[in-house]
Amino acid sequence: MSSSRQHPKLNQWFATAICGNDILSSCLYVSGIAVVFAGIYAPIVLAIIAIVLFFYKSVYTEVVEALPINGGAYNCLLNATSKTVAAVAGVMTILSYIATAVLSGKVSIEYLHTVVPIPVIPATIGLLAFFALLVILGIKDSAKVALRIFVIHVVTLVGFVVMGAIFLMHSHTFFLENYLHSRNVVFKEGGIWLALFLGFSASLLGVSGFESSANFVEEQQPGVFRKTLRNMLIGVAIFNPLIAALVLGVSPLTQIMASKDYLLANEALIVGGRVFQYIVATDAFLVLAGAVLTSFVGVSGLIYRMASDACLPGVLTKRNKAGSYPLIIIIFFVLCISI
């Protein structure tokens with residue numbers, strides 16, 4: 001009787017959607033970050049990150065499938081090294097969640113600002129507070145809703161790539177101008193290698209959601225975890241370098257840097273007009289807001305696990321009637337808005 005009433009496990013596409021909304025939302029801001037530091041070589045930097053992720057995927061798959069328990073890197077290291085090392089990894093993961101929540105929240109409002117004039121910082125704080133309240137009330141992201149957002153986002157990215165390619169075939173390209181600008185301005189201080197290193201380091205933000213799948217591995221059907229990693233890798237390996245290359249051909253480097261926080265909305269206006277800009281901005285707001293929610297849900301589970309192992313104060317394990325951890329969410333919210 002009890003086995004027949006078990007909670008159904010997530011299949012490949014539901015699980016991919018939940019973590020994919022997090023990592024593929026990076027396509028909306030990582031190109032601007034890479035261009036600021038690496039100039040014309042931004043697509044190469046993003047391609048190198050995808051290669052590094054490929055090798056990391058093999059190791060991560062083996063470790064998590066050997067210990068299929070929620071907790072991600074913290075759980076893996078807890079069973080392979082000392083509690084101190086695992087705790088350090090857990091703290092680093094918490095910092096990663098803070099960066100993801102703040103950056104995704106701010107960029108989502110920046111995109112919305114391109115079509116609706118609203119104050120960015122107050123609206124970002126309001127968005128973070130809204131999702132903090134939702135999680136405290138026990139409302140978590142639905143796999144079905146996440147899948148719909150994920151499909152809309154992928155279709156929007158494909159549409160952007162197609163329209164950008166068509167635009168470049170019939171219009172002037174800025175590749176040469178951007179190359180000269182990179183050589184004379186971006187690489188002037190420190191040289192090309194420092195610029196590539198800084199671009200690589202900063203652009204790693206674009207794959208910070210790769211560990212999300214391990215945080216709910218217990219909810220996935222057998223064999224699904226490795227497929228979620230594969231699907232996320234394919235997404236960032238294709239879209240991140242390709243979109244960076246397209247925007248470098250569509251706009252001058254100075255314009256890309258000026259609009260880096262809402263880059264795709266600005267480029268969508270150029271390649272597809274006002275209606276397409278509204279579509280991209282709306283999609284960006286939805287998928288980045290979904291990434292904020294994923295951060296709140298993921299960090300609550302991680303901190304609960306660390307508190308249960310006495311790495312953090314035990315009071316953090318207190319649940320409310322909705323089954324959430326209000327003290328964890330409040331502390332995380334305060335950390336986010338204090339950055």
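Me: Which helices each supply at least two residues of the lining of the largest cavity?

Reply: This is a predicted model, in which local features need pLDDT of at least 70, side-chain atom pairs count only at pLDDT 80 or more, and totals for chains, interfaces and linings use all residues. Residues are numbered from 1 along each chain as its sequence is written, and side-chain values use heavy atoms, with hydrogens and water left out. A cavity is a set of points on a 1 Å grid over the protein atoms alone where a 1.4 Å probe fits but cannot get out, and lining residues have an atom within 4 Å of a point; helices are DSSP runs (H or I, at least four residues), numbered from the N terminus. The two that each give at least two residues are helix 3 (42-66) and helix 10.

Me: Which residues line the largest cavity?

Reply: The largest share of the lining, four residues, comes from helix 3. By type, the lining divides into six nonpolar, two polar and no charged residues, where Ala, Val, Leu, Ile, Met, Phe, Trp, Tyr, Cys and Pro count as nonpolar, Asp, Glu, Lys and Arg as charged, and the others, Gly among them, as polar. The lining consists of Leu46, Ile49, Ala50, Leu53, Ser203, Val207, Val236 and Asn240.

Me: How much space lies in the largest cavity?

Reply: A search of the whole structure finds one cavity of 30 Å³ or more. Grid points are joined across faces, edges and corners, and a volume is the space filled by probe spheres set on the points. For the largest cavity this space is about 50 Å³.

Me: Which residues that line the second largest pocket are the closest to its centre?

Reply: A pocket is an open set of grid points with protein on both sides within 12 Å along at least five of seven lines. The second largest pocket holds about 410 Å³ of space. Of the 18 residues that line this pocket, the closest to the centre are Tyr56, Ser96, Val207, Ser208 and Glu211.

Me: Which helix gives the largest share of the lining of the second largest pocket?

Reply: Helix 3, helix 4 (72-80) and helix 5 (83-113) each supply at least two residues of this lining. The lining residues divide into twelve nonpolar, five polar and one charged. The largest share, five residues, comes from helix 3.

Me: Which residues are in contact with Leu288, leaving aside its neighbours within four places in sequence?

Reply: Contact means heavy atoms within 4.5 Å. With that cut-off, the partners of Leu288 are Ser25, Leu28, Tyr29, Ser104, Val107, Ser108 and Tyr111.

Me: What is the phi of Ala310?

Reply: Ala310 lies in the loop between helix 12 (263-308) and helix 13 (326-337), and counts as exposed because its relative accessibility is 61%. Most residues other than glycine have a negative phi. Ala310, a residue other than glycine, has a positive phi, near 70 degrees.

Me: How far apart in space are Gly39 and Leu180, C-alpha to C-alpha?

Reply: Gly39 is placed in the loop between helix 2 (30-38) and helix 3. Gly39 counts as buried because its relative accessibility is 0%. Although Gly39 and Leu180 are 141 residues apart in sequence, their separation in space is 9.8 Å.

Me: What separates the C-alpha atoms of Leu286 and Asn21 in space?

Reply: Leu286 lies in helix 12, and counts as partly exposed because its relative accessibility is 40%. Leu286 and Asn21 are 265 residues apart in sequence, and the C-alpha distance is 9.4 Å.

How values were computed:
Buried < 20%, exposed > 50% of the residue type's maximum accessible area, 1.4 Å probe, protein only.
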